[in-house]
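Here is a short report on one protein chain. Keep the sequence and the model in view while reading.

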Amino acid sequence: MRVFLSINPPETFRADVRKIQDLLRTKLALKDAGILNSVRWEAVAKFHITLFFIGDADSSMIGSFSSEMKSLAAQNPYGEIQLTSDRIDAFPNFRYPRVIVLKMKNENGKIFLLSEQINQRLRKFGFASDKRFDPHITLGRVKREKKINLSGIADLKMNEISFTARNFCLMESKINKNGSEYSVINEFGLVQPKN
């Protein structure tokens with residue numbers, strides 16, 4: 001199974017991200033219509049913030065991952081996480097982009113604490129992240145054979161949007177003829193019920 005841990009925004013927020021994605025596509029079309037065909041645009045249902053990409057894992061480990069994350073959530077001292085849009089960016093950069101993203105910010109740093117705790121918990125299973133955590137939502141991926149330059153879109157003017165995360169999820173990614181499809185395996189609450 002191909003799995004990852006993520007924060008999944010509510011539908012209303014995803015709809016707002018779609019408006020930003022559409023605004024970006026309009027700006028790109030004005031710059032060079034050919035660019036639009038060089039990008040596979042992410043579907044609204046797939047908008048999420050990856051906390052940790054585990055990758056291929058034996059299905060027998062899913063229960064262990066879930067137990068570990070449930071334990072982490074139960075001990076979570078910081079509760080819900082407020083996330084706000086920041087800016088459009090590209091990995092590795094605008095001149096040679098492979099992925100176009102909407103950067104997200106969390107003023108009090110709670111999402112970074114959660115990410116670090118997840119990293120610590122997954123090390124015992126032999127998983128370690130090779131990248132610095134950078135909260136973002138993927139808007140599109142540049143097709144493998146294409147080379148484009150997106151310099152000039154960093155200044156895209158957009159309204160700030162935000163949502164409050166009250167849980168995170170263990171997700172499965174299944175590859176099909178249309179790309180990938182995500183489904184929730186398990187959900188872990190960040191806000192513990194009051195006794």
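## The largest pocket

This is a predicted model. Within the largest pocket, β3 contributes the most to the lining, with five residues. The lining holds 35 residues in total. Thr50, Phe53, His136, Thr138 and Arg141 lie nearest the pocket centre. Several elements give two or more residues to this lining: β1 (2-7), β2 (39-41), β3 (49-56), α4 (110-123), β6 (136-142), β8 (167-176) and β9 (179-189).

The space in the largest pocket comes to about 1,200 Å³.

## Aromatic pairs

A pair of aromatic rings is described by the distance of the centres and the angle of the planes. The model has six aromatic pairs. One of them joins Phe65 and Phe125. Why is this pair called edge-to-face? The ring centres of Phe65 and Phe125 are 5.1 Å apart and the planes stand at 80 degrees. Planes over 60 degrees apart count as edge-to-face, so the pair falls in that class.

The pair links distant parts of the chain, 60 residues apart. Phe65 belongs to helix α3 (residues 62-75), while Phe125 sits in the loop between α4 and β6. Are these two residues buried or partly exposed? Phe65 has a relative accessible area of 1%. Buried means under 20%, so Phe65 is buried. Phe125 reaches 23% relative accessibility and therefore counts as partly exposed. Together with Phe127, Phe65 and Phe125 form one aromatic cluster.

## A tilted pair and a charge over a ring

Phe168 and Phe188 also form an aromatic pair. Their ring centres are 5.2 Å apart, with 40 degrees between the planes. This pair is tilted. Phe168 is in strand β8 and Phe188 in strand β9, 20 residues apart, and the pair links distant parts of the chain. Both Phe168 and Phe188 are buried.

Lys46 lies over the face of Tyr182, at 5.0 Å from the ring centre.

## Leu72 and its contacts

Leu72 is part of helix α3. Its relative accessible area is 0%, so Leu72 is buried. Which residues does Leu72 touch, not counting those up to four places away in sequence? They are Leu114, Gln117, Ile118, Arg121 and Phe168.

Leu72 and Ile118 are 46 residues apart in sequence. In space, their C-alpha atoms are 7.7 Å apart.

## Leu36 and its contacts

Leu36 lies in helix α2 (residues 33-36). Its relative accessibility is 24%, so Leu36 counts as partly exposed. Leaving aside neighbours within four places in sequence, Leu36 is in contact with Arg25, Leu28, Ala29 and Trp41.

How far from Leu36 is Phe47 in space? The two are 19 Å apart, C-alpha to C-alpha. In sequence, Leu36 and Phe47 are 11 residues apart.

## A cis peptide bond

Which residues does the cis peptide bond join? It links Phe91 and Pro92, with omega at about 0 degrees. Pro92 is placed in the loop between β4 (81-91) and β5 (99-105).

How values were computed
Residues are numbered from 1 along each chain as its sequence is written. This is a predicted model: local features need pLDDT of at least 70, side-chain atom pairs count only at pLDDT 80 or more; totals for chains, interfaces and linings use all residues. Side-chain values use heavy atoms; hydrogens and water are left out. On a 1 Å grid over the protein atoms alone, a cavity is a set of points where a 1.4 Å probe fits but cannot get out, and a pocket is an open set with protein on both sides within 12 Å along at least five of seven lines; lining residues have an atom within 4 Å of a point. Grid points are joined across faces, edges and corners, and a volume is the space filled by probe spheres set on the points. Helices (H or I, at least four residues) and strands (E, at least two) are DSSP runs, numbered from the N terminus. Rings of Phe, Tyr and Trp (its six-membered ring) pair if their centres lie within 6.5 Å; planes under 30 degrees apart count as stacked, over 60 as edge-to-face and the rest as tilted. Buried means under 20% relative accessible area, exposed over 50%, partly exposed in between (1.4 Å probe, protein chains only). A charge sits over a ring if NZ of Lys or CZ of Arg is within 6 Å of the ring centre and within 35 degrees of the ring normal. Contact means heavy atoms within 4.5 Å.
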